[in-house]
Amino acid sequence: KTIVKKVDPDNIDMDIIRQASDIIKNGGLVVFPTETVYGLGGDGMLPSASKKIYEAKGRPSDNPLIIHISSISELENYVKDIPCNAKILMDNFWPGPMTLIFNKKEEVPYETTGGLETVAIRMPSHPIANALIKESKTGIAAPSANLSGRPSPTKASHCIEDLSGRVDMIIDGDKGHIIGLESTIIDVTGDVPMILRPGYITKAMINEAIGEVLIDKVVLTKEKSQLLKGDYKPKAPGMKYRHYAPKAEFVMFEGEEKRVIEVINQRAKEAKFQGKKVGIIATKESFSQYENANVISIGSRKNDESIAASLFDVLRKFDELEVDIIFGETFFDEGLGMAIMNRLIKAAGYNIEKVD
Ligand code: TXA
Ligand code: MG
């Protein structure tokens, strides 16, 4: 039922793009690659298409979708006004891995915005995404193309695994490097813009462009108890769900690197003795120091981008290995590290132990 087509991003087959855009125009669903993660797309102006997206993902319908556009001129179809800070951010980071929250125009259906008066807009830089949006002649509403709760998809195989039989078409655009973490979300409706979800566009990059920017408290929260308090309610509804989660229990350890490795080895040994299958998320630097477990490197501590690119794939690999418990190291949470830690903390369900 689901058509899978391979498209080379450097040499796009427009026949396939037209086939995909026909599906979108007819209210169907197409999975497509973006520079961040794969998206599950439908016509953002068509309530029935948005409903289908929620169904295919198994996602609660109060969790709003991002509308993807292919040029700045399309923005006025969806938003009431474009604040000055938004213009500067768009100039600096569009097309690219940044989503902005605007006040929505009446025409944008509540089915797409999860009932909100605001709308999330992003202009991706990926050539396949761009071609598909242009050809579809509408804003494409697209959440990440994973089943709700599972790690976001960074490869076509992840999308096929989760959504085969649930969508009309999957465009496999696997080639070279993708960022691997979802876009930075910035709410520009207030006096001072606020980061609702950290991503590749870092706080420092935003500071440099517009000066002051706030960060939604939940982004940095490491404790679930704080989240449950009213004042920690996330401004991006999606940030409240357990997310990116591997099937196994996942515990992270925070502290001095050498000690963390010792403690993880100790815990792995104990778990193995109890008959558990153990997974360890290591780095290129620590990989050879672990034993008694299925050890996978998430990338190099010297290269945050390598960690971002493989994070979700590593979580899915532990699902395939059917481990019972995963132990992992924590990372410095500044720059891109903030986005990395935000995803890992949520994947671990706030399960972090301090090591001293
Ligand atoms: O990189 C990305 O952003 C990917 C690719 C496919 O573009 N998309 C993505 O979509 O991550 P999704 O649906 O998985 O995450 C969208 C997030 C959710 O946390 C949602 O709550 C938030 O954006 N969001 C959407 N509209 C919003 C709004 N009007 N106000 C606040 N948050 C909003
Ligand atoms: Mg998602």
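Reader: How are α1 and α5 placed to each other?
Author: In this predicted model, helix α1 (residues 14-25) packs on α5 at an angle of about 55°, and their axes are 8 Å apart. Helices (H or I, at least four residues) and strands (E, at least two) are DSSP runs numbered from the N terminus; axes are lines fitted to C-alpha atoms, for helices over the stretch in contact, and angles run from 0 to 180 degrees between N-to-C directions. Angles under 35 degrees count as roughly parallel, over 145 as roughly antiparallel, 65 to 115 as roughly perpendicular and the rest as oblique. The angle between α1 and α5 therefore makes them oblique.

Reader: What share of the residues score a pLDDT of at least 70?
Author: The predictor's confidence in each residue is its pLDDT, on a scale from 0 to 100. Residues are numbered from 1 along each chain as its sequence is written, while chains are lettered from A and ligands numbered from 1 in the order in which they are written. As this is a predicted model, local features need pLDDT of at least 70 and side-chain atom pairs count only at pLDDT 80 or more, whereas totals for chains, interfaces and linings use all residues; side-chain values use heavy atoms, leaving out hydrogens and water. The protein chain averages 95, and the share scoring at least 70 is 96%.

Reader: In which hand does α1 pass α5?
Author: A crossing is left-handed if the near helix is turned anticlockwise from the far one by less than a right angle, and right-handed if clockwise. For α1 passing α5, the crossing is right-handed.

Reader: How many residues in the contact of α1 with α5 are nonpolar?
Author: Contact means heavy atoms within 4.5 Å, and Met14, Ile17, Arg18, Ala20, Ser21, Ile24 and Lys25 of α1 make it with Ile128, Ala131, Leu132, Glu135 and Ser136 of α5. Ala, Val, Leu, Ile, Met, Phe, Trp, Tyr, Cys and Pro count as nonpolar, Asp, Glu, Lys and Arg as charged, and the others, Gly among them, as polar. In the contact of α1 with α5, two residues are polar, three are charged, and the nonpolar ones number seven.

Reader: Which residue in β10 is the bridge partner of isoleucine 185?
Author: Strands β9 (residues 184-187) and β10 (residues 194-197) pair antiparallel over three bridges. A hairpin through six residues joins β9 to β10. The partner of isoleucine 185 in β10 is arginine 197.

Reader: What is the omega of the peptide bond from tryptophan 94 to proline 95?
Author: Most peptide bonds are trans. Proline 95 sits in the loop between α3 (84-93) and β5 (98-103). The bond from tryptophan 94 to proline 95 is cis, its omega being near -10°.

Reader: Where is lysine 137?
Author: Lysine 137 is not a glycine, yet its phi is positive, about 55°. Its place is in the loop between α5 (127-136) and β7 (140-141).

Reader: Which residue in β15 stands opposite phenylalanine 250?
Author: β12 (residues 249-254) and β15 (residues 325-329) run parallel and are joined by five bridges. Opposite phenylalanine 250 stands isoleucine 326.

Reader: How does α11 lie to α12?
Author: Helix α11 (residues 304-321) packs on helix α12 (residues 336-347) with axes 9 Å apart, at an angle of about 15°. That makes the two helices α11 and α12 roughly parallel.

Notes
Pairing = 2+ DSSP bridges.
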